Amino acid sequence: MRNRLTRSAARMPGKHVDHLVDTLEALPAAIGAPILTAWNAKEDLLDLLATARTQPNREDVHRLLHRFYTRCAASDLPELHRLATTIETWWPQILAFLATGITNAGSEGTNRVIETIARDAYGFRNPENQRLRTRTATTRRHRGHLNPA
């Protein structure tokens, strides 16, 4: 069941979704209801994000966003309230992503590589070597060709 909770309902056969919902509803209400509410909110958010790169019209985006906010507000889960607040805070950036499909994933990935190399090189006496290691690791042509062995 844990694996099904992490998957998108759009990528599961209907019988698996039905089984998941039935299983959660069969649990004691104090356990199953919050999990089902959180799962449904996640699905609402995924439906909203799935409109990226499809040139969605404002009404569709507004309807999906309203459905997500309504579900979060109707729940007693502080995690969903915090998620809704985060979405509200980042809404201009999310809307730009939905309209353009452009993200900063590439720069975030490069930054992660740089931070990892810097962490591995901590304590080296020569900063030039650390700079060269970082540059080599983040240059597309050389990526994957560093063999520490």
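A residue is called buried when its relative accessible area is under 20%, exposed when it is over 50%, and partly exposed in between, using a 1.4 Å probe and protein chains only. The model on your screen is predicted, so local features need pLDDT of at least 70 and side-chain atom pairs count only at pLDDT 80 or more, while totals for chains, interfaces and linings use all residues. Residues are numbered from 1 along each chain as its sequence is written, and side-chain values use heavy atoms, with hydrogens and water left out.

Select Glu-43 to begin, which sits in helix H3 (helices are DSSP runs of H or I with at least four residues, numbered from the N terminus). Glu-43 counts as buried because its relative accessibility is 8%. Leaving aside neighbours within four places in sequence, Glu-43 is in contact (heavy atoms within 4.5 Å) with Arg-7, Ser-8, Ala-9 and Ala-10.

Colour Val-61, Leu-64, Leu-65, Phe-68 and Cys-72, the buried residues of H4. Looking down the axis of H4, you will find these buried residues within an arc of 95° (taken from the directions from the helix axis to the C-beta atoms), so they line one face of the helix. The face turned away from that buried side carries the exposed residues Glu-59, His-62, Ala-73 and Ala-74.

Key: Helix = DSSP H or I, 4+ residues; strand = E, 2+ residues; numbered from the N terminus.
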